[in-house]
Amino acid sequence: MCRGCRAGSGVTEVGENPVILKRPHPSVHRLEYVVRIDLHTHSTASDGTDTPADLVRKAAAAGLDVIALTDHDTTRGHAEALSVLPAGLTLVPGAELSCRLDGVSMHMLAYLFDPEEPALLAERELVRDDRVPRAKSMIAKLNALGVPITWEQVARIAGEGSVGRPHIATALVELGVVPSVNDAFTQEWLADGGRAYVEKHETNPFDALRLIKNAGGVAVFAHPAATKRGRTVPESAIADLAEAGLDGIEVDHMDHDPDTRARLRGLARELGLLVTGSSDYHGSRKTCVLGEFMTDPEVYGEITRRATGAFPVPGTGGA
Ligand SMILES: [Zn+2]
Ligand SMILES: [Zn+2]
């Protein structure tokens with residue numbers, strides 16, 4: 001059974017949303033239609049390895065109909081992605097905001113906000129400006145641990161992207177310190193609270209919610225129970241965020257096992273939150289593939305209905 005299809009349902013009525021195009025599923029249910037929606041991806045504008053242009057081309061090639069570009073604390077990749085957006089693929093402009101609640105790092109996906117809204121823009125810049133000093137502090141800690149990593153090496157790996165832990169982790173792989181990027185995200189190295197970890201400026205999530213809403217956006221708590229990334233916030237905090245206007249939680253994500261997904265789905269039902277699924281694609285830096293997890297078209301339709309700051313953009317170009 002194809003993961004995106006629900007047998008017999010025909011899946012594609014998505015409310016009044018005009019941007020979803022119907023197209024036949026290529027392989028399995030020839031007479032039915034499916035909409036493939038991936039709402040969380042990264043490009044070289046942050047810590048992905050594909051340029052925004054390559055990312056949207058690969059998304060089209062992967063058979064996706066809708067993709068959100070959600071680089072960390074920046075919308076810088078949107079213009080390039082839009083300039084080559086293939087016909088048949090719709091881009092949802094977004095960002096993944098770095099937040100912290102009671103000492104616990106968490107990520108908030110923001111969709112369809114006004115990218116020029118000054119308060120949210122200023123907060124994104126504040127978080128980004130902290131990235132270089134923070135990376136340098138982590139490099140200093142690694143040097144003190146005997147690892148011969150340099151800022152030049154990490155800056156080369158980051159290229160044009162906003163420098164972050166995945167770039168440092170890639171340097172550790174290059175140096176033979178760890179076998180893979182994932183192995184660098186442990187207490188021994190770069191995980192939250194790890195030996196070489198340095199805190200960064202992160203937004204209080206209740207402030208983030210207010211900023212996103214004021215900019216006309218929709219807020220979804222990214223991978224809320226991804227315990228292997230470090231500590232996670234308690235369910236009571238998710239309830240408080242829901243009370244404060246959180247729209248949804250990302251349930252179907254590679255860092256959630258099936259039991260966790262089931263539990264989060266129940267919590268979302270209880271709290272009246274939308275449930276999303278997405279790949280959190282980072283190109284070759286992580287193992288997930290585009291469309292590995294997807295979002296239900298009805299949920300996507302609801303996200304687009306709630307947003308007032310920006311709109312999904314259907315592609316017109318070829319690439
Ligand atoms: Zn994240
Ligand atoms: Zn992400």
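**Helix packing and nonpolar cores in a predicted model**

Helix 5 and helix 6 cross in a right-handed manner. In this predicted model, helix 5 spans residues 151-158 and helix 6 spans residues 165-174, and their axes come within 9 Å at a crossing angle of roughly 115°. On the helix 5 side, the residues that meet helix 6 are Gln153, Val154, Ile157 and Ala158, and their counterparts in helix 6 are His167, Ile168, Thr170 and Ala171. Sorted by class, this contact has 5 nonpolar and 3 polar residues, with no charged residues.

Of its 10 residues, 8 are buried, so helix 6 is largely enclosed by the rest of the structure. The buried stretch is made up of Arg165, Pro166, His167, Ile168, Ala169, Thr170, Ala171 and Leu172. After helix 6 comes Gly176, which has a positive phi near 75°.

The axes of helix 3 (residues 118-129) and helix 8 (residues 205-214) come within 8 Å and cross at roughly 135°. Helix 3 is therefore oblique to helix 8. Ala119, Leu120 and Glu123 supply the helix 3 side of the contact, while Leu211, Ile212 and Asn214 supply the helix 8 side. By class, the contact of helix 3 with helix 8 has 4 nonpolar residues, along with 1 polar and 1 charged.

The nonpolar cores come next. In soluble globular proteins, nonpolar side chains tend to be buried together. Here, the largest nonpolar core holds 58 residues, and the members that touch the most others are Met108 and Tyr111. Leaving aside residues up to four places away in sequence, Tyr111 touches Ala68, Val92, Gly94, Gly217, Val218, Val220, Ile303 and Ala307. Another core, of 20 residues, lies apart from the largest one and includes Leu142, Ala171, Val181 and Trp189.

Turning to the chain as a whole, the protein has 11 helices and 8 strands. Of its 319 residues, 48% count as buried. Among contacts between residues at least 6 apart in sequence, 71% join residues at least 24 apart. The contacts of Tyr111 can be read alongside that figure, with partners that include Ala68 and Ile303.

Technical notes:
Residues numbered from 1 in each chain as written. Chains lettered and ligands numbered in written order. Predicted model: local features only at pLDDT ≥ 70, side-chain atom pairs only at ≥ 80, totals over all residues. Core = buried A, V, L, I, M, F, W, Y, C linked by C-beta atoms within 7 Å. Buried ≥ 20, exposed ≤ 12 C-beta atoms within 10 Å, placed from the backbone. Contact = placed C-beta atoms within 7 Å. Axes fitted to C-alpha atoms, helices over the stretch in contact; angles between N-to-C directions. Helix = DSSP H or I, 4+ residues; strand = E, 2+ residues; numbered from the N terminus. Parallel < 35°, antiparallel > 145°, perpendicular 65-115°, else oblique. Nonpolar A, V, L, I, M, F, W, Y, C, P; charged D, E, K, R; others polar. Left-handed = near helix turned anticlockwise from the far one by under 90°.
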